[in-house]
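Here are a few exercises to work through with the model open beside you. Try each task yourself before you read its solution.

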Amino acid sequence: MSANTRPSILQSVIPITDLRRGHGLPIPAMRETSDGTTVRDQRGRQLRDLRISVTDRCNFRCTYCMPKEVFDNDYQYLPHAEVLSFEEITRVARIAVAQGVKKIRLTGGEPLMRRGIEDLVAMLAAIPGIDLTLTTNGSALKAKAVALKAVGLNRLTVSLDSLDDKTFRAMNDVDFPVAKVLEAIDAANAAGFEQIKINMVVKRGVNDHQVVQMAKFFKPTHGLHGNIVRFIEFMDVGSTNGWKMDDVIPSQEVVNRIHAVLPCEPAHPNHLGEVAKRWKYLDGAGEFGVISSVTEAFCGSCTRARLSTDGALYTCLFAQRGYDLKTLLRSGEDDALIANAIGGIWQARQDNYSEVRTAETARERKVEMSFIGG
Ligand code: SF4
């Protein structure tokens, strides 16, 4: 990131401590469901996905997520006592699965920075019927891939914004070399993780020159085998990333650029509510995805809830406040009451932020992505 982008980030800095701690939206009581089991929100969407942020720390300082100007040496991370324990996370997960959650994604911050993460994966993997996945920046993956696979992690997503070392080091802002992430992806493939998702946030003028290169590199016949790049439109996550519409490369432009070099066509979604639109190459070898949360909002099929590092439930990535589950978890209440709380929160949900996003809403204060997971 060039030095001349710093002022806009600095100007956008606002105190976020109150957004992290000021949970406590009143938890609505759950109403009876029409079929006795299926919980739906105000727009008829079911609760299917739970993203769990296991730490608010990360060793990268990606300028769109945890910019150095905010997350500096003085930044106060959550004290240990406020972070949910593995037992508390597993309890919430088990209750949420009983209410319809099928997929659990571990995020952060950087989830592999949480000590003993393999133990948590093992605990969650023991819950019957869930698809368990994890999103990582890849920096510690090489050392942990075999252990994560062994304890039951089903799938992996690696965030990787560029293959060009100079660009990658500038974007992670801690001078981390891209070669180490590529080695980690190789190691994860060798450990048995197939079709790893490679998430690239595309920002105009910063890394968009890498789009075709990424598509080529991860195509099965080139570079690493069988992994799937997903190109994500740059979003106004959190309150510190200095988002402007001008910085967004629309997914259609990404597709056009790739199609010009590697002809492709749309593919059917793998499942209802799939966030990425799939494109397969006409030569039959491989596919990529685009996530168009700015130009083509998919709120209508959004089935995701987010559990923050300190145990608040958020019903949208762009939420300003969450619901404090931790207090309930630590007050000796039984599972039925926790289930009732999760059900009531979901039933009250109306979120559709990406459908109504404007330059104005982009400036609103939102909880940081590193706190609730991307
Ligand atoms: S803006 Fe909120 S409701 Fe819409 S898709 Fe994103 S997380 Fe879901």
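Two strands pair if DSSP finds at least two bridges between them. Keep in mind that this is a predicted model.

**Exercise 1.** In what order do the 12 strands lie in the open sheet, and which are the edge strands?

*Solution.* Start with the order: it runs 7-8-9-6-5-4-3-2-1-10-11-12, with mixed pairing. Next, look for strands that pair on one side only: these edge strands are strand 7 (264-266) and strand 12 (323-324).

**Exercise 2.** Do strand 6 and strand 9 pair in the parallel or the antiparallel sense, and over how many bridges?

*Solution.* Find residues 228-233 for strand 6 and residues 287-291 for strand 9. Their pairing is parallel, over 3 bridges. Now zoom in on Arg230: its bridge partner in strand 9 is Gly289.

**Exercise 3.** Which residues touch the most other members of the largest nonpolar core?

*Solution.* This core holds 93 residues, and the ones to pick out are Met200, Val202, Phe231 and Leu313. Take Met200 as an example: beyond its neighbours within four places in sequence, its contacts are Leu160, Asp161, Met214, Val229, Phe231 and Ile232. In soluble globular proteins, nonpolar side chains tend to be buried together.

**Exercise 4.** How do the residues of the shell around the ligand divide into nonpolar, polar and charged?

*Solution.* First locate the shell, which includes Ser293, Phe298, Arg304, Asp351 and Tyr353. Then sort its residues: 7 are nonpolar, 3 polar and 2 charged.

Methods:
Residues are numbered from 1 along each chain as its sequence is written. This is a predicted model: local features need pLDDT of at least 70, side-chain atom pairs count only at pLDDT 80 or more; totals for chains, interfaces and linings use all residues. A nonpolar core is a set of buried Ala, Val, Leu, Ile, Met, Phe, Trp, Tyr and Cys residues joined through C-beta atoms within 7 Å. A residue is buried if 20 or more other C-beta atoms lie within 10 Å of its own, exposed if 12 or fewer, and partly exposed in between; C-beta atoms are placed from the backbone. Two residues are in contact if their C-beta atoms, placed from the backbone, lie within 7 Å. A residue is near a molecule or strand if its C-beta atom, placed from the backbone, lies within 6 Å of it. Ala, Val, Leu, Ile, Met, Phe, Trp, Tyr, Cys and Pro count as nonpolar, Asp, Glu, Lys and Arg as charged, and the others, Gly among them, as polar. Helices (H or I, at least four residues) and strands (E, at least two) are DSSP runs, numbered from the N terminus.
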